[in-house]
Amino acid sequence: MTTPQDLHGLDVQAHLHPYTNAAAHADVGPLMIERGDGVHVIDHAGRRYIEGMSGLWCASLGFSHPRLVAAGTQALQTLPYYHTFNHRSNPAVAQLAARLKSLAPVPMARVFFANSGSEANDTAVKMVWYHFNALGLPRKKKILARQRAYHGVTVASASLTGLPANHADFDLPLPRMLHVDCPHHGRGALPGESPEAFATRLAEQLDARIREEGPDTVAAFIAEPVMGAGGVVVPPPTYFEKIQAVLQRHQVLLIADEVICGFGRTGQMWGSQTFGLRPDILTCAKALSSGYVPISAVMVNDRINDTLTANSQRIGSFGHGYTYSGHPVAAAVALETLRVYEDEGIVQRVQALAPGFQAALRGFAERSVVGEVRGVGLIGAIDLVADSITREPYPTAAKAGARLAALAQEEGLIVRAMGDTVALCPPLIISVEELASLFERLHRAFDRFEAAA
Ligand code: PMP
């Protein structure tokens with residue numbers, strides 16, 4: 001029998017972890033999660049944690065939804081694998097494409113499938129380049145993203161990501177991938193600048209940047225409606241309206257990265273609806289299958305679809321696709337996930353829970369170690385600071401965010417620290433009582449953090 005000690009040893013010796021300090025892993029050791037139960041996960045010692053982050057912002061239906069388990073099991077028994085190249089399809093993926101189309105926030109023509117958010121965003125970039133080549137505009141290739149954006153870790157998507165850790169020592173970003181200012185009013189506004197005036201300034205800066213680069217060289221702008229991994233940045237009112245006016249003026253396409261915001265998180269089916277985005281291309285993943293199986297999707301509007309179709313008529317088949325694009329098991333689980341969202345009224349659920357969630361989150365703003373609290377729907381973040389009046393940050397070496405997250409874990413709550421920002425993104429099926437318990441645990445962690453400060 002494999003004991004917990006054996007597993008610990010195997011993991012330390014053989015497993016290179018993503019986003020983990022490789023040198024420290026042997027000392028810290030793995031947190032071995034063995035089971036899921038509703039909004040909880042359970043470790044090897046039988047300790048239960050409320051998963052306040054839905055894993056990595058994805059397990060919207062919790063960790064044991066019977067309908068998803070049944071759909072996946074049945075799909076494995078029926079057709080465990082087939083591909084979708086060269087006109088092949090399967091019943092689940094055809095229905096899933098049609099369903100996504102019908103849910104889209106703006107009219108979309110067709111849906112392409114991949115396995116991760118990173119792959120979806122790489123696909124979007126390639127589609128944009130293909131599109132402008134097909135139109136005879138080979139210079140129109142630059143993609144604009146924002147500082148602190150998170151779009152993934154593959155070579156193109158990591159280039160779009162606007163976080164230094166994803167570029168340093170990876171020789172990224174690639175040329176043609178540029179970054180403009182992050183719309184975080186709390187950190188980026190000038191003294192006395194209103195959120196609307198801040199939004200106007202960012203749009204003017206974008207306009208100036210596009211003119212400077214040359215509008216004939218700028219192809220697309222990519223944005224998360226709410227920035228997730230960059231610190232849960234909720235854009236100021238009027239931001240996307242003003243940004244889109246600039247994009248239209250210079251015929252720059254809009255890619256909405258709905259990898260976190262999609263499927264109810266912000267209180268509408270799409271973050272694009274909550275914040276008024278009208279994307280040409282939309283990428284989604286994560287909650288598309290509640291994280292149960294890897295799958296992502298790229299939706300394209302008529303404009304992109306028409307050039308893709310015409311060009312593949314001209315030069316041969318569209319030369320892009322993954323072995324697992326439209327995987328029948330992943331597609332079946334995603335299709336069932338979308339049905340569950342409808343049957344369980346998940347968007348309405350978020351709308352009902354959000355006021356209480358946001359109020360409880362703002363309850364932390366009074367604490368002496370909190371600089372700013374922000375959020376929308378069932379996503380939010382708390383910034384830890386050394387001084388709440390001056391908002392002076394903790395020194396990096398103090399690892400304040402990581403310490404708070406470790407205390408929360410001891411209290412039976414998993415949260416994510418991104419630097420000194422503590423994020424919450426609980427499963428959308430969480431009950432009122434479970435939410436109350438989540439915040440009690442977080443307050444206890446904050447009490448202990450403050451006591452130790
Ligand atoms: N876009 C956004 C907005 C994300 O949050 C993430 C993942 N956190 C990605 C893209 C990349 O997704 P993946 O990790 O599945 O490649």
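Two strands are said to pair if DSSP finds at least two bridges between them. Strands and helices are themselves DSSP runs, numbered from the N terminus: a strand (E) has at least two residues, a helix (H or I) at least four. The model on display is predicted: local features need pLDDT of at least 70, side-chain atom pairs count only at pLDDT 80 or more, and totals for chains, interfaces and linings use all residues. Residues are numbered from 1 along each chain as its sequence is written, and side-chain values use heavy atoms, with hydrogens and water left out.

**First stop: strands 2 and 3**

Select residues 40–43 and 48–51, which are strand 2 and strand 3; they pair in the antiparallel sense over 3 bridges. Four residues lie between the two strands of this hairpin, and Gly46 in the turn has a positive phi of about 85°. Within the pair, Val41 stands opposite Tyr49. In general, the strands of a sheet pair through backbone hydrogen bonds, either parallel or antiparallel.

Now display the open sheet of 4 strands, whose order is 11-12-15-14, with antiparallel pairing. Strand 11 and strand 14 (416–418) are at the edges with a single partner strand each, so one side of each has no neighbour in the sheet.

Select strand 11, residues 370–376: 7 of its 7 residues are buried, so the strand is largely enclosed by the rest of the structure. Buried means under 20% relative accessible area, exposed over 50%, and partly exposed in between (1.4 Å probe, protein chains only). Strand 11 pairs with strand 12 (residues 379–384) over 5 bridges in the antiparallel sense, and Val373 stands opposite Ile382. The two strands form a hairpin with 2 residues between them, and Gly377 in the turn has a positive phi of about 60°.

Finally, select helix 6 (residues 117–134) and helix 12 (residues 302–315), whose axes come within 9 Å and cross at roughly 65°. Axes are lines fitted to C-alpha atoms, for helices over the stretch in contact, and angles run from 0 to 180 degrees between N-to-C directions. The contact (heavy atoms within 4.5 Å) includes Met127 and Tyr130 of helix 6 and Ile304 and Leu308 of helix 12.
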